[in-house]
Amino acid sequence: MADSTKIRVGFIGFGYWGPNLARNIARHPEAQLAFICDVDESNRKRAAMQYPGVRVTENSSSILADDEIDAVVIATSAGTHDFLVKAALIAGKHVLVTKPVSTTSTSARSMTALAACNKRTLLVDHTFLYSNAVESLKEILDSGVLGKPLYYDATRTGLGIIKNDVDVIADLAVHDMAIVDFLFDESPATVSAVSAASIPGQLPSLAYVNFNYSSGFHVHMAANWISPIKQRKIIIAGSEQMLCWDDAQLNNTLCVYNSGVFESLEPVVVGRAPLNYRSGEPRPVELLTKEALASEVDDFIASIRENRQPRSDGNSATRVMQMAEAADLSARQGGKPINLNW
Ligand SMILES: NC(=O)c1ccc[n+]([C@@H]2O[C@H](COP(=O)([O-])OP(=O)(O)OC[C@H]3O[C@@H](n4cnc5c(N)ncnc54)[C@H](O)[C@@H]3O)[C@@H](O)[C@H]2O)c1
């Protein structure tokens, strides 16, 4: 039976990632998972087995037409987002949509404007923005202990599912674009990227993306869906200290190093830059263990209740999409630098 005090949520897309979001909606005390839709029959059967009291449909318009549904989670492939998100917002639903928000920044911008116009919450599932580790990275950077940020270097590899509507930049490197957008106040000035379709006839599955900033700060991300090794590593170097977050490790995933490179007052040795080096031991940072998607669903429900923007809102997702789109354009032109016009 519907509980009128809870936010009733309809769910569209119960494939690989959707069930993780559905689980967090279902266990939220102020939300009720009320309706699940998937065009695939086996996924509908799985949904019905997992959530026996929840209605299941193959047609998303049944959810959008249901006045009892307050909010919709859309966990389908990127190519379907523009139509589904806009239809849900027009139907008056609050929306949580998986990343990437869409396939173009124009679409992301119009979704964001539509949400604002209809006074609905739009949250984009840039999951890492809600992870304990990224929250710690933000605290460390904002505290100033690293000094002036010099660079952000990320590696994401593994044997991943290659999509046919977005390439590895919009699918995988986009995680780092969202993290960088969240962590640093400055926006990149230019991007230069190369990518390759390792499987002929498919979209690029590996990419190396470089963002340059006016201040001299630099961001590099390597993303590869065809690798025998799962790597999830971010290094951020500052003028005073450095850190490494290795999310593929079991323990001590985030460590700060009291390491740095400084101008030397000693006489210059021929052939060496006049610099001194300090190499520090890793200092592990204790992380909380709350699931990122639980924090994300908390933010979605609270944003609806409090009529405020979520952390991962349409504007930040649009900026991320602009970064991905510019990187893709550069890669299509053999790495030509592309200006980012904010
Ligand atoms: N944040 C993360 O770490 C993370 C990880 C994996 C996937 N994702 C994102 O989640 C989304 C889904 O990815 P996935 O790997 O679960 O894909 P998937 O193909 O496994 O699941 C998508 C599901 O949506 C269903 N579907 C498609 N169009 C539909 C429609 N119009 N109406 C109803 N159902 C429809 C499909 O039948 C399928 O079951 C993508 O946006 C992806 O980028 C995010």
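**View 1. Thr 98 reaches the ligand through its side chain.** In this predicted model, look for Thr 98: an N or O atom in its side chain sits 2.8 Å from an oxygen atom of the ligand. With the protein around it, the ligand has 79% of its surface buried, out of the 850 Å² that it exposes when taken alone.

View 2. A polar backbone atom of Tyr 16 is 3.0 Å from an oxygen atom of the ligand. For Thr 76, a backbone N or O atom lies 3.2 Å from an oxygen atom of the ligand.

**View 3. Helices H1 and H8 cross each other.** Two packed helices can be described by the angle and the distance between their axes. Helix H1 covers residues 18-26 and helix H8 covers residues 292-306; their axes come within 9 Å and cross at roughly 60 degrees. H1 and H8 are therefore oblique to each other, and their crossing is right-handed.

**View 4. Helices H7 and H9 form another crossing.** Find helix H7 at residues 168-183 and helix H9 at residues 314-332. The axes of H7 and H9 come within 9 Å, with a crossing angle of roughly 130 degrees. That angle makes H7 oblique to H9. The crossing of H7 and H9 is right-handed.

Notes: Residues numbered from 1 in each chain as written. Predicted model: local features only at pLDDT ≥ 70, side-chain atom pairs only at ≥ 80, totals over all residues. Heavy atoms only, no water. Polar contact = N/O pair within 3.5 Å; in protein donor to acceptor, adjacent residues only side chain to side chain. Areas by Shrake-Rupley, 256 points an atom, 1.4 Å probe, with all protein chains shown as cover. Axes fitted to C-alpha atoms, helices over the stretch in contact; angles between N-to-C directions. Helix = DSSP H or I, 4+ residues; strand = E, 2+ residues; numbered from the N terminus. Parallel < 35°, antiparallel > 145°, perpendicular 65-115°, else oblique. Left-handed = near helix turned anticlockwise from the far one by under 90°.
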